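Please open the model in the viewer and keep the selection panel at hand.

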Amino acid sequence: NYGWQEIIAMFLDPGGFGGAGEHDGFRLIVTLVGILLFSTLLISVFNNIFDNISESARNGSMRYRVKNHILILGADHHLYPMLNALFEENGKQDIVIMTKGSVEELSTQIANRFTNQRFINRLVLYHGAWDTIDELSTARPQDAEKIYIIGDGEIDGDSTNMRCYNYLKSLCEMAK
């Protein structure tokens, strides 16, 4: 029994290998396999964590803690002239854009239209429906300096925008 406990201890803690004894070659192999297996699993775990974080950022599901930002709800044809105007202001504020559409496509379109990397780095893209109070609250409208509702060009856009306005009103009642 003690021999197997020692082998398992070496597998879990390779630093426990030492001293002369029986089956030194076998103990060395078990220790090396333990080091290799643990290293591989550790690399795999960290790789999965980084992949999940980058995927969340790409598809717009990651939320950031922003304050004094400009919040734009929607990404229809009014977005690009609005971004041009905000670019001209040369403000240092973050600009959060929440869209119901594809964040990856929007990101590509913005990158194709704007060449100033500092301005592009100020943009934060979220995927979400702003006609639900839960998703709208993730964009932190109560901490925004300015809020624009432009919509995504839906058929029932006016009713959606009014519902969003009422949610914004309730979320921002006690805001500065």
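Which are the buried residues of H4? They are Val103, Leu106 and Ile110, where buried means under 20% relative accessible area, exposed over 50% and partly exposed in between, computed with a 1.4 Å probe on protein chains only. The model is a predicted one, in which local features need pLDDT of at least 70 and side-chain atom pairs count only at pLDDT 80 or more, while totals for chains, interfaces and linings use all residues. Residues are numbered from 1 along each chain as its sequence is written, and side-chain values use heavy atoms, with hydrogens and water left out.

**Helix H4**

Keep H4 selected and look down its axis: the buried residues fall within an arc of 60 degrees, so they line one face of the helix. The arc is that of the directions from the helix axis to the C-beta atoms. On the face turned away from the buried side, H4 carries the exposed residues Glu105 and Asn112. Helices (H or I, at least four residues) and strands (E, at least two) are DSSP runs, numbered from the N terminus.

**The sheet**

Next, select the four strands, which form an open sheet in the order S3-S2-S1-S4 with parallel pairing; two strands pair if DSSP finds at least two bridges between them. Strand S3 (123-127) and S4 stand at the edges with a single partner strand each, so one side of each has no neighbour in the sheet. From one strand to the next, the twist averages 15 degrees. Axes are lines fitted to C-alpha atoms, for helices over the stretch in contact, and angles run from 0 to 180 degrees between N-to-C directions.

Now select strand S1 (residues 70-73). Ile70 and Ile72 point one way and Leu71 and Leu73 the other way, and all are buried. Four bridges join S1 to the parallel strand S2 (residues 95-99), where Val96 is the bridge partner of Leu71. Four bridges also pair S1 with strand S4 (residues 146-149) in the parallel sense, and there Ile149 is the bridge partner of Leu73.

**Aromatic rings**

Select Phe87, Phe114 and Phe119, which ring pairs link into a cluster. Rings of Phe, Tyr and Trp (its six-membered ring) pair if their centres lie within 6.5 Å; planes under 30 degrees apart count as stacked, over 60 as edge-to-face and the rest as tilted. A search of the whole structure finds two such pairs. The rings of Phe87 and Phe119 are edge-to-face, because their planes stand at 70 degrees, with centres 5.1 Å apart. Phe87 belongs to helix H3 (residues 79-89) and Phe119 to helix H5 (residues 117-121), so the pair ties together parts that are 32 residues apart in sequence. Phe114 and Phe119 form a tilted pair, 5.2 Å centre to centre with 50 degrees between the planes. Phe119 is buried at 2% relative accessibility, whereas Phe87 is partly exposed at 24%.
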